[in-house]
Amino acid sequence: MSFFKTVPVPDRGIDYSLKPHAIDPRAWLILNGFRTKNGTIRSFPGWDTVGAPPLGTPIVGMAEYFRPLTLERMHVVLTGAAAYSLALGSGALTDITGASVLVASPQRPWSTIVFGGQVHIASLDTDGLHTWNGTGNFTKIPGAPTFAFIATLNDYLIGFYERVGSDHYPYSLRWAAEATNDKWIADDTVDAGDFDIRDSPDKGVALYKLGDDLIAYKERTVVPITYIGGNEIFGRRAAVAGVGLIGPYALAAAGDRHIFMGQETFYSYTGGNVVDDSVGDAIRDLVYADLNFDIKEQVRCIFMRDALEIVWFYPSRQNLTGVGCDKAVIYNLKDGTWAGPMSILDYITFAVNFTDASPIKRDILGSKAGYVMGIGSGWYENGAAIERVMESGDHNLQTDAINEQGGKMFWPLSMVFQVNVVNLDFESIIGTWVHFFIGSRLELHDPISWQGPYALDVSGGVQTIRVPVRSTGRWFRIKFFTSTASELALQNYQFEFEWVGGR
């Protein structure tokens with residue numbers, strides 16, 4: 001009898017020598033509803049409603065507001081035409097639109113920032129800027145320009161991509177006078193200013209802070225903006241050409257770097273004029289081959305800090321509604337591993353980190369139907385069972401086998417094997433049943449022949465389950481399926497097999 005342990009096929013972008021456990025996440029072709037973490041495959045958490053009944057219209061903006069005098073955290077939820085304050089304790093939504101005429105959409109969402117003790121919101125389709133100070137309703141700032149995106153740096157309010165009437169200025173970057181939001185015209189006593197970033201014809205997309213700089217992202221250009229003071233106030237440095245941001249909310253600010261979804265792949269950027277375009281090599285083809293480029297601006301991203309995971313929600317080619325993201329991929333910063341793509345029922349239209357959502361719901365999603373939902377409260381997708389599927393890559397027993405002592409085994413070419421037992425090591429499980437399958441084929445161009453399902457009771461906590469099978473071939477893979485509301489954690493698997501002939 002000989003034994004086989006899993007090998008890293010296909011490559012999923014992680015250094016195998018650094019893994020503390022037996023399973024290498026590169027060994028998986030499908031991880032739908034699962035995450036890779038510390039060498040173990042685990043269920044990705046679900047989400048459920050934390051707000052009032054659905055608003056019936058897509059949520060296209062959110063903001064968190066901290067009132068320093070009362071130490072109170074307040075939250076704003078924005079649809080295309082209305083603004084609400086969210087009471088996380090009760091989930092109540094209170095309309096705070098007031099007399100403001102608000103217009104936004106999933107394609108051109110709200111940009112939100114807290115500046116000067118007020119929540120500021122901007123949209124390319126809404127005239128001017130609007131603010132909320134934690135009481136009453138939103139109000140319009142007299143004389144403020146109209147921007148697609150707003151941000152702050154060194155106590156300056158900055159806007160990118162300006163609209164004046166029906167004219168668009170997609171290269172324009174402007175700032176108000178220091179510590180103001182209504183002084184946008186420079187004079188001897190007002191240090192407002194502007195300049196155009198027009199060294200390339202692509203339009204402005206977003207502004208994100210990185211270290212001491214503000215990074216202006218265009219469709220195919222990355223431009224660091226630096227505070228220099230004096231009469232100039234801000235200056236720009238050498239840009240990264242040919243790389244840009246696919247949508248205004250497709251970026252995660254993860255400590256000292258930005259990790260973002262560009263027009264062709266995923267990138268990591270730590271400043272300067274160089275980006276790392278290898279971070280997404282393991283997942284790039286799966287995502288971009290299925291991305292609906294007609295509504296690519298709707299990509300949404302959230303950095304789940306507790307788990308050190310970044311989740312990108314994106315619209316797939318199967319999304320014929322034109323609204324919301326129906327697929328997601330997950331990147332683990334610590335391990336450098338990817339999971340997904342996973343299917344999403346709720347059609348996500350916004351995602352944001354809230355620091356005080358509740359003890360178990362710290363990251364908030366907004367949906368096409370107007371639900372406000374918290375991640376991490378259980379294993380359902382807002383009340384619906386998540387169909388979780390994981391499927392390994394092909395394992396060639398001829399080249400990857402080891403014996404009982406862990407020594408490498410060598411077999412003649414074209415040997416045919418029979419797997420008799422699959423050993424499965426489970427860890428930290430909340431009781432559930434799962435369906436297990438084993439697949440095999442004789443040649444790589446043959447279709448996979450699946451056996452199963454084998455119903456496994458994995459409610460016994462940490463355990464090893466031996467599954468008797470009889471599967472013949474040269475390449476083998478395994479698959480799991482479950483739709484129960486539970487956590488499934490697989491740490492290792494192993495084939496016991498014998499050779500039965502040649503081909």
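## A salt bridge between Arg477 and Asp394

Arg477 and Asp394 form a salt bridge through their side chains, with N and O 3.0 Å apart. Shared partners extend the picture: salt bridges join Glu391, Asp394, Arg441 and Arg477 into one network.

The model is predicted. In the whole structure, 19 salt bridges are found.

## Two other salt bridges

Glu264 and Arg220 also form a salt bridge, and their closest N and O atoms are 2.5 Å apart. This pair links distant parts of the chain, 44 residues apart: Glu264 is in the loop between β24 (257-261) and β25 (266-269), and Arg220 is in the loop between β19 (213-218) and β20 (221-229). Glu264 is partly exposed, at 30% relative accessible area, and Arg220 is partly exposed at 38%.

Arg73 and Glu64 meet in a salt bridge with an N to O distance of 4.0 Å. Arg73 has a relative accessible area of 36% and is partly exposed. Glu64 has 19%, and because buried means under 20%, Glu64 counts as buried.

## A buried arginine without a salt bridge

Arg388 lies in strand β34 (residues 388-392). Arg388 is buried but has no salt bridge. Which side chain of opposite charge is nearest to Arg388? That side chain is Glu381, 8.3 Å away.

A polar atom of the Arg388 side chain does lie 2.5 Å from the backbone oxygen of Gly33. Beyond its neighbours within four places in sequence, Arg388 is in contact with several residues, including Asn32, Phe44, Trp379 and Phe481.

Definitions and conventions: Residues numbered from 1 in each chain as written. Predicted model: local features only at pLDDT ≥ 70, side-chain atom pairs only at ≥ 80, totals over all residues. Heavy atoms only, no water. Helix = DSSP H or I, 4+ residues; strand = E, 2+ residues; numbered from the N terminus. Buried < 20%, exposed > 50% of the residue type's maximum accessible area, 1.4 Å probe, protein only. Lys, Arg positive; Asp, Glu negative; His and termini not counted. Polar contact = N/O pair within 3.5 Å; in protein donor to acceptor, adjacent residues only side chain to side chain. Contact = heavy atoms within 4.5 Å.
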